[in-house]
Amino acid sequence: MHNDDHAADRRWHDLVLGLRADLDGIVEDFLSAVGLLEPYSRGQVPLAVLRHDAVSSFTHLIDELASRPRADHVTTAHDVGTDRARRGVPLPALMSAIRIDVEVLWTRIRGAMRTEDMPLVLDRVERLWEVVERYNRDVQQAYLEEQTLMTREREDEVGTVLTRLLDGPVTPALVGRFAGLLGVPEDGPLLVAAVPTTRRRGLWTWFRELIAERRPVHWQTRGDDALLVTSLTADQARDLRRGILPPRVSSVPCAVGPLADGVEDLPRSARLALRLARVLPVGSEDARRIRDLWLPLARADLDEDALTALVDAVTAPLTALPDADRTRLVSTLRSYLACGSVSETAAASYCHRNTVLNRLGQVRDLTGCDPSIPEQAALLLVCLGALPGETGAM
């Protein structure tokens, strides 16, 4: 029995060595078969590279079958996986090419064996699959690791280019580079959203959804804020121009900049989105735009001394009132400024409309600002938001 096993091993070894002697023919069979597959048929991998890698790969596989593993077998698999990732060969196409390895080797073994070799060859079919499967795993691991590295490199480069766009000056070269990296037309519509990094969860969730949908998107942290840039369809851009946010965007708590008409317009939208993010109310549950945040933005643009002087000049008489009286007047004033209707304010405050008129008259007498006059009402809005201890203070 021992002699039979030894004879079978020796015969298998002879068959495998015959593969090594016929390496050139095996490589040509592989090249002929793989050349029919996309994207190899388009020359995405040069023939010289395919031939070099085929020689290395089949040498490794044959040595493994002969139980003579080479020390550089991992390097061979790594080189193939890395190269195909860099060339943009889809992973399924790469796996199909590796399956051809099995077919070519099995065909050559069957062609070389004698009738009496059938039992020993069948006993070792599993060995052939194990060798190729291990090689397959090593190639795939190298491919995926290289893809991850390429994604990080791309994100880093997109971030660098975007920073240069935001910091200016905007040049045609930067515009073209950013569009190429993001995979969008230079004049294609873009949406920019921003949020403080401490409240980024909703925006980050949407970012991951866009990645899963394979949409062009970029995420970048800039100071204390997070910035998201993504492309829009023509229909979405048309709706946004009419003031309608895409449904998914509207449910994300973030600040949305104005529509960017192409990459050249991106810095304007991004800068405003970042400014809006800094005045985004805590607890926001939906997207806000300039029309929603113009008041806190205008207030934030006043320096501290100017804002303090303005608030004191307008609201000092209000702050001097007893707490209960001040709260009652300010609550009525806020309600009125929100709707512009005495009747609606009375209903919301559960009081008579004459009571509302009396309180608004008191505000006018104390501050010198008439809430019914738009210009003076805007001044009251700015100052009310800065009153310490009041609801809505920024």
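Trainee: At what angle do α7 and helix α8 (residues 172-182) pack?
Mentor: Two packed helices are described by the angle between their axes and the distance between the axes. Axes are lines fitted to C-alpha atoms, for helices over the stretch in contact, and angles run from 0 to 180 degrees between N-to-C directions. Here the axes of α7 and α8 are 10 Å apart, and the angle is about 150 degrees.

Trainee: Is α7 roughly parallel or roughly antiparallel to α8?
Mentor: Under 35 degrees counts as roughly parallel, over 145 as roughly antiparallel, 65 to 115 as roughly perpendicular and the rest as oblique. The angle of about 150 degrees therefore makes α7 and α8 roughly antiparallel.

Trainee: What kind of model is this?
Mentor: Residues are numbered from 1 along each chain as its sequence is written, and side-chain values use heavy atoms, without hydrogens and water. Local features need pLDDT of at least 70, side-chain atom pairs count only at pLDDT 80 or more, and totals for chains, interfaces and linings use all residues: this is a predicted model.

Trainee: How many residues of the contact of α7 with α8 are charged?
Mentor: Contact means heavy atoms within 4.5 Å. In α7, the residues R154, E157, V158, V161, L162, R164 and L165 meet L174, V175, R177, F178, L181 and L182 of α8. Ala, Val, Leu, Ile, Met, Phe, Trp, Tyr, Cys and Pro count as nonpolar, Asp, Glu, Lys and Arg as charged, and the others, Gly among them, as polar. By that division there are 9 nonpolar residues, no polar ones, and the number that are charged is 4.

Trainee: Which residue forms a salt bridge with E153?
Mentor: A salt bridge is a side-chain nitrogen of Lys or Arg within 4 Å of a carboxyl oxygen of Asp or Glu. For E153, the closest N and O atoms are 3.1 Å apart, and the partner is R86.

Trainee: Is R42 buried or exposed?
Mentor: R42 forms a salt bridge with E38, with the closest N and O atoms 2.4 Å apart. Buried means under 20% relative accessible area, exposed over 50%, partly exposed in between (1.4 Å probe, protein chains only). E38, at 48%, is partly exposed. R42 has a relative accessible area of 58%, so R42 is exposed.

Methods:
Helix = DSSP H or I, 4+ residues; strand = E, 2+ residues; numbered from the N terminus.
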